[in-house]
Amino acid sequence: MTKHHLPATPDTVHWGYFSKTLAPVLTLKSGDRAMIESITHHANDDYARMIEGDRAAEEIFLWTKDQKTLRRRGAGTTDGPFTYGAGEGLGVHLLTGPVAVEGAEPGDIIEVRVIDTWPRPSANPAYAGRFFGSNPAANWGFQYKDLIEGPAPREVVTIYELDMGDASVKALYSYLWTPQTDPDGITHPTIDYPGVRVDHTTIVKKEGILPGIKVPARLHFGTMGLAPAEADFVSTIPPNYTGGNMDDWRIAKGARMYYPVAVPGGLFSCGDAHASQGDSELSGTAIEISLTGEFEFILHKKEELDGTMLEGLTHPLLENDDVWSVYGFSVANYLSELGPDHQSEILKRGSLDSAMRDAFRKLRRFLMTTQKLSEDEAISLMSVAADFAVTQVVDANWGVTGSIRKSLFPAR
């Protein structure tokens, strides 16, 4: 087994999209491990705590009227004039990669084992060694048009600190988003384009929020997956059949994720890391933080899948020591089901009914295929023993996870 290190630099990250057109920044063999750094796309919500002094973050986020290190920040157009900026808001997450697995071909499965995760410390001497993240209650959140206090609607950013001593997070302060003007002269009345630096002279901090409350840490990557085949640039916002922005806190240390390969090499990328998140990711974000993950990559060739739990797998699958989990989406494969305008059409299709239906169908197939249950047996078992959870209601392609405990099958 070879161990690799993939730092986050301007040359190893891409912003707001998965792409089959990207050359891999790391190629490894099945069985290799890689330590992959990620930097949160929300770091500029508090530049002093999450960027200042961190040379890589400073280079990645560099944006002046004369220079923008990462111009493309989405899967949309890069030919101006722009409403928001290059990429036009179709995708927001800052990802590290892609990583290619030697020999991976369409029809294969790539298994990604999450060995461990570590937070990226602040490099600012004023906060050295401490860990910070941001939780915006944003315009794409479930709450945005259902507020009972004023002003409404509103976006509020809450800055949290992660304490690795007791593995908890606590709120430090919050502020109401005020219109921010980027170096290109575009004013952003809402949080509508990634990487805009918040000028803290324009906001008022509210201190002493959530007093006495500590939230258990759940370190995980909200976005992990492979490049799809259907388009050159695919937004990071809606999850799809090759993974992506699934926002499941269970994809953490000890998890083993299985992804169907759509393009040669698979082209794995990860980012959108979280210090903690609840089911639903209600406000539109979790506690967005910078993490480094250690991953092990295993290639399962298509000719070896029959008779295994990966037989017929066309969607992401989670396994850990206790459960298997499938992921239902509002549209199972929106890239192929919604026509040429799939990336805009999916924004209208968020539905928990459809996501639940998809999760049911996927778990039914899994039980019938891997455990050799009849349909009636699978349905009865799901009703009495499976757990269906809302993973997120904010990524356009809403998610429901269906989990079944391994302990139910001791003889199998």
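**Basis.** I worked from a predicted model, in which local features need pLDDT of at least 70 and side-chain atom pairs count only at pLDDT 80 or more, while totals for chains, interfaces and linings use all residues. Residues are numbered from 1 along each chain as its sequence is written, and side-chain values use heavy atoms, with hydrogens and water left out.

**Entry on Asp108.** I located Asp108 in the loop between β6 (94–101) and β7 (109–119); strands are DSSP runs of E with at least two residues, numbered from the N terminus. I noted a relative accessibility of 1%, so Asp108 counts as buried (under 20% relative accessible area, 1.4 Å probe, protein chains only).

I then looked up its polar contacts (N or O atoms within 3.5 Å, one able to donate a hydrogen and the other to accept it; residues adjacent in sequence count only if both atoms are side-chain atoms). The Asp108 side chain pairs with the side chain of Lys301 at 2.8 Å. A polar atom of the Asp108 side chain also lies 2.8 Å from the backbone nitrogen of Glu105.

Beyond four places in sequence, I found Asp108 in contact with residues including Tyr259, Pro260, Leu299 and His300 (heavy atoms within 4.5 Å).

**Entry on Glu319.** I placed Glu319 in strand β21, residues 317–319. Its relative accessibility is 10%, and therefore Glu319 counts as buried. I recorded a polar contact of 3.5 Å between the side chains of Glu319 and Trp324. Setting aside neighbours within four places in sequence, Glu319 is in contact with Arg256, Tyr258, Met309 and Lys406, among others.

Technical notes:
Helices (H or I, at least four residues) and strands (E, at least two) are DSSP runs, numbered from the N terminus. Buried means under 20% relative accessible area, exposed over 50%, partly exposed in between (1.4 Å probe, protein chains only).
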